[in-house]
Structure formats: C-alpha cells, structure tokens
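I opened this notebook page to keep track of what I looked up in the model, strand by strand and helix by helix.

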Amino acid sequence: MTTTMSTSGPGAGTGPGAIAPSPDAPRSIDLILERENILARLSRLSPAKDAYASEFVDSLLDFAHAVGTSDVHVQPTRLGVEVKFRNDGVLETLGNFPLGANSSIISRLKVMSRLLTYQSDVPQEGRIESPNHGREIRVSTFPTLHGERGVLRFFGHDKEFTTLDELGNPTAVTRQIRDALLETSGAVLITGPAGSGKSTTLYACLRHLVNFNKGSRSIVSIEDPIEVPVEGVAQSQVNVTAGFDLKTGLRSLMRQDPEVIIVGEIRDRDTAEFAIQASLTGQLLLATFHADTAATAVTRLIEMQIEPFLVRSGLIAVINQRLLRSLCVCSKESTNVEDFHGMDVERVRVPVGCMRCNRSGYAGRLIISEYLDLRNAGLGSAILMKSDSRELYRLAIGCGMVPLVEQAAEMVRQGKTSPAEVRRVLGSGMRT
C-alpha cells in the first residue's frame, strides 16, 4: 500500500505551543502542473480512433506515476467515464471523459492485467507489470449500472520512506519498534484501517531487520501481493488459482528454516492461528492486521477464536497508526469555536487553499502511532480474562501507551494539522 508520510509541513520541528507554519514541500506544486498536463493530453485524444483506449490508459498511468497516487478510480457514467485519484489519501476528481467509439478503457485495462475481456458481469482481479514506471499495479473490476468500474492500486511509490526514522513516528515509538525487532520469537502486528500506511511501516521494519542482521538471520515473506522487493528477503507471492494461499504458504515456510517470517496481511482465522503458533516456535513474525485500535486488534484475535493463552504468549506488541494530512503554508490561525471541533487545545490553524496545495489546504501527511507492549504482566492477565477492548485500552494507557487522539491533539497544538482533519481521520468519537 502506498503512503506519503511526512514530517514536513506547518510547525514541523517546533516545540509544543508553536503554531507558525514552515515552508511547504514542493510536491503540491507538481500536482497542479501534472493535472493541467494530463487534462491537456487527454483532451487531444480522439474517441473515434481505435487507439483511444490504449492512449488514454497510457496517459493515465503516466499521470499516476508522476503524482505518486495510491489509487485511481475509473467510474462509468451514463454519458462517459469519470476518473478520480487519491491525493494524500483523499479522493479527488480528475475529470469526466468520453467513451471510445471503437475501444473500451476498461477492456484495455483488462487486457493489460490479463483478465477475461468477454466477462463483464462478475468482479475480476489482476495485475499490470509496469517496467517503465518501476512498479506493479493491481487492477480490480466490478460490474455497475452503467458498465464495469475499474480501480487501480499502485505499489512502490514510497522510495523516501524506507527506514524507521523516516516514517516520522515519535522517538519513543521508534525505539520501542526497534526493541521488538530484536526479539527472536513472538509476533508484532501493525494495525489500522485501509490507507493508514501499514505496509509502508511493515517494509521499513523489514529493511531494518535486513540491515541490522547483515544476512545472519533467515528472513522470508508470504505476501498478497509483493508490493516492494527487498534485497536480502526471500519474498513469495500468493497464487490462489494455483492453490498457493496464505495458509499453504505459511505451512511450507516453516520447512524453509526461517528465523523471521513476514505475512503481508492476516485476513482470517486460519492464517491468524497459524501465524500466532509460528511465533511460539522460535520465529519472529511480523504482519499487518485491520483494527481500529491496538487494543481492538487483541480482542479481534480472541473473537476469531484464537485461544487467549496463545494470544498472551505469542504477541509481543501491536502498533496502531493513522495518517493525518499536514497543513499547507497557506493555513491561518482561527478563533472560531466551530473550527476546534471540541478539541481541548488553546489555538488552531485551519486550511485555506492555494496553488501550492492544489487548493486543498493540505500538503503531505503525518503519522501518528500508538504502541501496545504486550509483555506487561497486567495486560497479560486481562487478555487471559478476555477483557473487552475498552478495558485493555484503559490498562494500556495506564502502562504508558500514548493514544492516537493525544498525539493528534499535539499535532494540532503545533499547527501541523487541523481539528477538522483529526475529526475526518479519527471520527466523531475522538476525545482528548
């Protein structure tokens, strides 16, 4: 999964209470120019030409590569096709375009990803190898009222976020992650909703293991798909049609003399159970897992009928994270009570919008992460008693875990992000 984590932006590097913005990153300026370029390029294409769909898709892929988007949506409408893309995690409209008279944009995508072009009434998934852009693209099609919808997911954009330090976590969290990676057995879960940067963090951990151990540990992975190649790791990709699923892959990996096992994502009970058991047999296991909070990840495993004693013995830590958009230099201070969104902070800055940030008011993203250390005896007892996520969360905070909402409030105090952005990402139940 591609993210654009950054510690740059308004207030970056300032202390608590600071609220003056700092110079904005230049990537936003490129977005304006690239948007203008792609619109001009697409407007010159003739829908009557047989090559319309091919040229349209090629142009779209060039644009996606240039702006570093994570997703592109191609949505059929009654009159044509609407194209949207994600900018710093938020979906933006690129434009509405005509259908090809003799060629189909979706069909072209299906050909490139080796899907069945004659089958349009069921969902399909495939991949495009894009050597010109140095990355893989996952393609998903889905039947809708006006025709097939296509969504493209791009991997391998985050060349700058390759190490734990570059992610931008608080120093204490980075130190805790490094400490967990020194363990020789147990499981570390990286959690959060879709688009929270879990895969970027997972690959940063993977590179840290490779560099720190200098080839002295056997590191293997089973992924669906392999998003970024990492030298020094034996990476394997799931192939369900060939009978090579996550469960089969994990079972086979255990006979490959592994010391560190990476699981791209835990999605079901079988994979979760096998992963936890593997972590108890002398391997360090890292995986991503969908959960709203670090405590919820623990209770979800128990709800998936993983025995509490296995969870207690197998889990080392749970990292839960989110990405907040960073305010552009054009932001301004506000005293309007509605702009505080109920947050207990003294001052806030709000987005304005300018050419530098594509009029969104934001440029780049910041990471906030909570680290739940499960080696604490008190937390272990609560897990064995099957305590609910609220009780676990309370105990974790008592043990020193800094919750996401407190980190978000500090970002607001420093003028790095806005209460509205915190509300968008953490929801209406946020509390400080």
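This is a predicted model: local features need pLDDT of at least 70, side-chain atom pairs count only at pLDDT 80 or more; totals for chains, interfaces and linings use all residues.

The entries below go through a sheet, the helices lying across it, a loop residue and a hairpin.

Entry 2, the open sheet. I traced the strand order and found seven strands forming an open sheet, which reads S9-S8-S10-S11-S7-S12-S15 and has mixed pairing. At its edges I located strand S9, covering 234–237, and strand S15, covering 362–373, each of which pairs on one side only.

I looked at strand S8 (residues 219–223) beside strand S10 (residues 260–266), and the two pair in the parallel sense over four bridges. Within this pair I found isoleucine 222 standing opposite valine 263 of S10. Helix H6, made of residues 246–253, lies across S8 and S10, and its direction is at about 165° to S8.

I then followed helix H8 (residues 294–303), which lies across strand S7 (186–191), strand S11 (284–289), strand S12 (315–327) and S15. Its angle to S12 is about 135°.

I placed cysteine 328 in the loop between S12 and strand S13, the latter covering 332–334. Is this cysteine 328 buried or exposed? I recorded it as buried, because its relative accessibility is 0% and the cut-off for buried is under 20%. I also looked up its separation from methionine 343, which is 15 residues away along the chain, and the two C-alpha atoms are 21 Å apart.

Entry 6, strand S1 and its partners. I turned to strand S1, residues 71–76, and found it mostly covered, with five of its six residues buried. Which strands does S1 join in the antiparallel sense? One is strand S6 (residues 147–154), joined to S1 by four bridges, and here aspartate 71 has arginine 153 as its bridge partner. Another is strand S2 (residues 81–87), joined to S1 by five bridges, where I found valine 74 partnered with valine 83. S1 and S2 make up a hairpin, and four residues lie between the two strands. As a reminder to myself, strands of a sheet pair through backbone hydrogen bonds, in either a parallel or an antiparallel arrangement.

Definitions and conventions:
Residues are numbered from 1 along each chain as its sequence is written. Side-chain values use heavy atoms; hydrogens and water are left out. Two strands pair if DSSP finds at least two bridges between them. Contact means heavy atoms within 4.5 Å. Axes are lines fitted to C-alpha atoms, for helices over the stretch in contact, and angles run from 0 to 180 degrees between N-to-C directions. Buried means under 20% relative accessible area, exposed over 50%, partly exposed in between (1.4 Å probe, protein chains only).
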